[in-house]
Amino acid sequence: MGLDKTVASAAEAVADIPEGASLAVGGFGLCGIPGTLIDALWQRGVGGLRVVSNNCGVDDWGLGLLLAAGQISRMTSSYVGENKEFARQYLSGELEVELVPQGTLAERLRAGGSGIPAFYTPAGTGTQVGEGGLPWRYAADGSVAVASPAKETREFDGRPYLLEHGITTDFALVRATIGDRHGNLVFRSSARNFNPLAAMAGRITVAEVDHLVEPGELDPDEVHLPGIFVQRMVRVTPGDPAAERRIERRTVRQEGGA
């Protein structure tokens with residue numbers, strides 16, 4: 001592809017994501033989600049996707065669009081509490097779910113992107129996270145069809161630790177505030193929480209950016225993710241509804257008062 005990694009459209013950027021692909025998707029709640037790329041994938045209708053993301057959006061936005069359309073077969077997440085359709089599919093046996101402690105999920109993505117196959121962590125020791133038995137998939141009758149396996153445990157300095165495996169995926173979808181044509185990215189505030197980690201974990205990483213600049217315009221000290229981790233970039237079209245920044249729970253002070 002050369003050093004210029006920009007492509008003409010989101011549709012072109014995700015055109016080769018096949019049925020059953022694994023995806024790491026950035027975002028924290030609805031902050032920093034790659035909405036334009038998700039929308040393009042939704043319009044393609046590709047299914048059987050195995051998605052790794054902190055959460056699964058809400059019922060009508062973000063990854064929730066793919067979920068409602070039946071395009072996701074498995075989720076690896078740390079928080080799923082804002083999506084009723086997610087709960088329905090999980091409890092009815094339509095969706096396989098691996099729940100992971102949030103810090104562990106972040107480190108599994110970082111480790112996979114850094115070429116580290118596994119690591120030990122104290123998070124989850126003494127619980128079903130380590131001992132196994134968490135329902136990954138339910139059967140139609142409500143019984144557990146697939147349960148999580150027990151994890152290898154080892155003591156360090158008298159304290160137990162669990163072995164966790166790094167995560168790599170076929171593709172990653174992320175959103176950044178600024179990117180140059182070489183793929184160097186800058187994220188804003190909370191959007192930085194999972195986007196760089198997801199980008200590292202993908203074998204092919206696609207980034208949507210609000211502002212596209214020329215190589216050399218970014219101070220190297222400003223770069224949060226170097227372009228070595230990014231293979232494709234698309235600039236978000238101003239005013240594109242798919243790129244809207246939504247607020248999960250809008251809370252405002254009531255007039256006059258309390």
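**View 1. The largest cavity of this predicted model.** The largest cavity holds about 60 Å³ of space, where a cavity is a set of points on a 1 Å grid over the protein atoms alone at which a 1.4 Å probe fits but cannot get out, and a volume is the space filled by probe spheres set on the points, joined across faces, edges and corners. Its lining, meaning residues with an atom within 4 Å of a point, consists of E98, L99, V100, Q128, V129, L134, W136, S148 and K151. The elements giving two or more residues to this lining are β4 (96-99) and α6 (128-131), with helices (H or I, at least four residues) and strands (E, at least two) taken as DSSP runs numbered from the N terminus.

**View 2. The second largest cavity.** Among the residues that line the second largest cavity are V25, G26, G27, I33, N55, C56 and L63.

**View 3. The second largest pocket.**

Residues are numbered from 1 along each chain as its sequence is written. In this predicted model local features need pLDDT of at least 70, side-chain atom pairs count only at pLDDT 80 or more, and totals for chains, interfaces and linings use all residues, while side-chain values use heavy atoms, with hydrogens and water left out.

Methods
On a 1 Å grid over the protein atoms alone, a cavity is a set of points where a 1.4 Å probe fits but cannot get out, and a pocket is an open set with protein on both sides within 12 Å along at least five of seven lines; lining residues have an atom within 4 Å of a point.
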